[in-house]
Amino acid sequence: MTSTQTSPLRFLKGHGTENDFVIVPDAENALDLPPAFVARLCDRRAGIGGDGLLHVVRSAAHPEARHLADEAEWFMDYRNADGSVAEMCGNGVRVFARYLEHAGHVTAGEVAVATRGGVKRVHLDKDGSVTVAMGRAVLPGAAATITVDGRSWPSRNVNMGNPHAVAFVEDLDHAGTLFTEPAYAPASVYPDGVNIEFVVDRGPRHVAMRVHERGAAETRSCGTGACAVAVAAARRDGADPADTGIPVTYTVDVLGGTLVITEHPDGRIDMTGPAVIVAEGTLDPAWLAEGPANAAAPGIETVND
């Protein structure tokens, strides 16, 4: 006799400055995670809830990361909360590295993580903070104007492996609710969409921000966004390390805490902040078979006997 049942799906939940993620371990890339299923997992009322999903896969087992396997054993297959694929997530990398430590795959110290934005070097500090070498920013020449509720601001185009539009404003409330994506023009500057940061000054080398993340609406924090903000602020303040020869550090307050961003004269950017694993468990097979993403359930696992 043959029967088929859906196996429970293991998951964890973690956050970095309250930018939260569903973590799905899948070393051999055996799981099918269609966009609708990812969106259901990230739903805050019907699912686990998160700003995105961290699919944990060995680089050698994933077609997008096999070429990076010699540099990094693990690949962060990152998905936005709506199920769409993203190039990078700075807070996600910190939480991803914390998970690897939690699972016993790595110990405190240096860790390499493969992403669609390249290999990121991570340092797990014994005090609980995590520092990520975020690479170098690219500043495309084209820029967009951001508009919310009749107010408009110029923005700086900063690419951190994913696109950002950074606008300096008088008051963070001017960003509005950020339930929907703020308008930007010309749209052709960001053909694949954009993360939009609204920034105010708090003091010398100290700013605060709110962000509308592409595919996720407003989030409590955005690591690549904080880096983009620090880069934009340094250019605005005449503190470009490439010109001064001196590293520059900005404290960036986000809704969920504080990140510290340092840009070096050679363009390298380091981001330091917390990363926490808060829960782990399994999803009920009955839940997996329900709802609008039920077509994904057979792809999770089937067992025949």
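The lining of the largest pocket has 3 nonpolar, 1 polar and 3 charged residues. Here Ala, Val, Leu, Ile, Met, Phe, Trp, Tyr, Cys and Pro count as nonpolar, Asp, Glu, Lys and Arg as charged, and the others, Gly among them, as polar. This is a predicted model, where local features need pLDDT of at least 70, side-chain atom pairs count only at pLDDT 80 or more, and totals for chains, interfaces and linings use all residues. Residues are numbered from 1 along each chain as its sequence is written, and side-chain values use heavy atoms, with hydrogens and water left out.

**Pocket and cavity**

- The largest pocket has a volume of about 160 Å³. On a 1 Å grid over the protein atoms alone, a pocket is an open set of points with protein on both sides within 12 Å along at least five of seven lines, while a cavity is a set where a 1.4 Å probe fits but cannot get out.
- Grid points are joined across faces, edges and corners, and a volume is the space filled by probe spheres set on the points.
- Ala39, Cys42, Asp43, Arg44, Arg45, Gly50 and Ala81 line the pocket; a lining residue has an atom within 4 Å of a point.
- The structure holds 1 cavity of 30 Å³ or more.
- The largest cavity contains about 90 Å³ of space.
- Its lining divides into 5 nonpolar, 5 polar and 2 charged residues.
- Among the residues lining this cavity are Tyr78, Met88, Cys89, Asn162, Glu213, Arg214 and Cys222.

**Cysteines**

- The whole structure has 0 disulfides, a disulfide being a pair of cysteine sulfur atoms within 2.5 Å.
- Cys89 is in no disulfide, and its nearest cysteine sulfur, that of Cys222, is 6.4 Å away.
- Cys222 is likewise in no disulfide; the nearest cysteine sulfur to Cys222 is that of Cys89.
- Cys89 is buried at 4% relative accessibility. Buried means under 20% relative accessible area, exposed over 50%, and partly exposed in between (1.4 Å probe, protein chains only).
- Cys222 is buried at 3% relative accessibility.

**Salt bridges**

- The structure holds 20 salt bridges. Each is a side-chain nitrogen of Lys or Arg within 4 Å of a carboxyl oxygen of Asp or Glu.
- Glu280 and Arg10 form one of them, at 3.3 Å from N to O. This pair links distant parts of the chain: Glu280 sits in strand β20 (residues 276-283), Arg10 in strand β2 (residues 9-16), and they are 270 residues apart. Strands (E, at least two residues) and helices (H or I, at least four) are DSSP runs, numbered from the N terminus.
- Glu280 is partly exposed, with a relative accessible area of 45%. Arg10 is partly exposed at 37%.
- Asp266 and Arg136 pair at 3.7 Å, N to O. Asp266 is in the loop between β18 (257-263) and β19 (268-274), Arg136 is in strand β8 (residues 129-136), and the two are 130 residues apart.
- Asp266 is partly exposed at 40%, and Arg136 is partly exposed at 48%.
- Asp240 bridges to Arg235, with the closest N and O atoms 3.5 Å apart. Asp240 is buried at 17%, whereas Arg235 is partly exposed at 22%.
- Salt bridges that share partners join Lys13, Asp20, Arg44 and Asp51 into one network. Arg44 also lines the largest pocket.

**Single residues**

- Ser155 lies in the loop between β10 (151-154) and β11 (156-159). Ser155 is buried, with a relative accessible area of 11%.
- A polar atom of the Ser155 side chain lies 2.6 Å from the backbone oxygen of Ala144.
- His55 is in strand β4 (residues 52-58) and is buried at 1% relative accessibility. The C-alpha atoms of His55 and Ala165 are separated by 27 Å, and the residues are 110 apart along the chain.
- Arg202 is in strand β14 (residues 195-203) and is exposed at 51% relative accessibility. Arg202 and Val169 are 12 Å apart, C-alpha to C-alpha, and 33 residues apart in sequence.

How values were computed:
A polar contact is a pair of N or O atoms within 3.5 Å; within protein, one must be able to donate a hydrogen and the other to accept it, and residues adjacent in sequence count only if both atoms are side-chain atoms.
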